[in-house]
Amino acid sequence: MSSELESQAWFESTFIGFLFRQFATPKPLPPGIRLTDQVAVVTGSNVGIGFEASRHLLSLGLSHLIMGVRSQSKGESAAAQLRKEFPAAAVSVWILDMQSYDSVRAFVDECATLPRLDAVILNAALMNISYRTAATTGHELTMQVNYLSTALLTTLLLPVLKAKKIPGAPRPPVICVVGSDLAYRVDVETRGSLLQHFNTPEGFGQFLWYGRSKVLLTFFLTKLAEFVNPDDVLVNMPNPGTTRGTAFFREFSTLVTKIIAIGQFLIARPAATAATTYLDAALVRGKESHGCFVSDWAIKPYPQFWYTAEGKEFGEKLWEETMEELNFAGASKVIQDMSASR
Ligand SMILES: NC(=O)c1ccc[n+]([C@@H]2O[C@H](COP(=O)([O-])OP(=O)(O)OC[C@H]3O[C@@H](n4cnc5c(N)ncnc54)[C@H](OP(=O)(O)O)[C@@H]3O)[C@@H](O)[C@H]2O)c1
């Protein structure tokens, strides 16, 4: 359990800790895992780690993959590759634009029409290089996509997953919300309104806002997991580690991209390897991973700040502010209903 690993948190936040994680030996899946008849959703799966995770799931015999993507054409082109490779599987492309709460809600409604849903991997995220806001909400884009819309999508999918649980199945439905170990290395602003703080360009930095979006997500998920029975829905947070061969730095200049590529050549893992961390979280980890940070094929501590008194206060305040933000879509009611069977 991440909550019991406080003594290791300081090490994980050091550069050496990062290197240890980064060069951890990938753990192969236990033999015999087959996903016949199963249905999975992977968001942001047209490219990068999400695409490779989709490919892994299909190679394990997944029957139906739903690719939650924001561009129909990019999604169809990725789906065409997967359909060619795995002709026996159904591969659907559904639109999900995480900049928009309406799109998130429409996507959840579509998921509710599925006859079953075994695993959801919320992988879509971005690093925004300049301060921009989402058209419909006014929130800064990184925070909107990586934190607020991901929190909403996670919450609204809980009752859907619970309702689709197959009686007698060896594992409960699982929702994996992708984190980042950059969360170990950034600080957060604790004064004033935690969410409003991100709605001003003052102090904006692409790595800082991205890292903070993942810190907030870590706090949100740990609190969320407290209300959810892991026998109904297992919730955990895989971290793929520093990865090469993805489109993550697409907005950066050619020069910066080249510099990043040198660093990636030295330390990053290929997207196909990084994607196995998602499979580990979704298919191997059990109740012991509920609400946990699952990094590099093992349960790891939360960021050091999480264990402090200030961190506890931050988590409570963030939860309240987030619920207030998401209550237009009934978030508190969903949590209340889920916690009834806790
Ligand atoms: N790469 C790394 O080193 C690294 C390290 C730690 C954690 N991670 C995490 O791993 C995950 C995948 O990263 P990656 O490197 O594979 O990134 P990527 O190649 O850039 O893929 C990101 C995916 O998210 C989608 N996306 C972005 N904004 C979206 C929106 N508004 N609505 C819906 N989808 C949206 C992208 O769609 P488009 O193609 O249409 O833009 C793309 O499909 C992310 O959660 C990231 O934070 C990555």
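1. Axes here are lines fitted to C-alpha atoms, for helices over the stretch in contact, with angles running from 0 to 180 degrees between N-to-C directions. Helices are DSSP runs (H or I, at least four residues), numbered from the N terminus. The model is predicted: local features need pLDDT of at least 70, side-chain atom pairs count only at pLDDT 80 or more, and totals for chains, interfaces and linings use all residues. Residue numbers start from 1 along each chain as its sequence is written.

2. Helix 7 (residues 206–227) and helix 10 (residues 309–326) have axes that come within 9 Å and cross at roughly 85 degrees. Helix 7 is therefore roughly perpendicular to helix 10 (65 to 115 degrees).

3. In this pairing, L216, F219, F220 and K223 of helix 7 meet F314, G315, L318, W319 and T322 of helix 10. Contact requires C-beta atoms, placed from the backbone, within 7 Å. Six of the contact residues are nonpolar, two polar and one charged. Ala, Val, Leu, Ile, Met, Phe, Trp, Tyr, Cys and Pro count as nonpolar, Asp, Glu, Lys and Arg as charged, and the others, Gly among them, as polar.

4. The ligand is surrounded by 28 residues (C-beta atom, placed from the backbone, within 6 Å). G44, G48, M98, A125 and T246 are the closest. The shell has 13 nonpolar, 12 polar and three charged residues. Helix 3 (residues 48–59) gives the most, with three residues.

5. Beyond its neighbours within four places in sequence, I175 is in contact with V120, L122, T154, L157, L161, V233 and V235.

Definitions and conventions:
Helices (H or I, at least four residues) and strands (E, at least two) are DSSP runs, numbered from the N terminus. Angles under 35 degrees count as roughly parallel, over 145 as roughly antiparallel, 65 to 115 as roughly perpendicular and the rest as oblique. Two residues are in contact if their C-beta atoms, placed from the backbone, lie within 7 Å.
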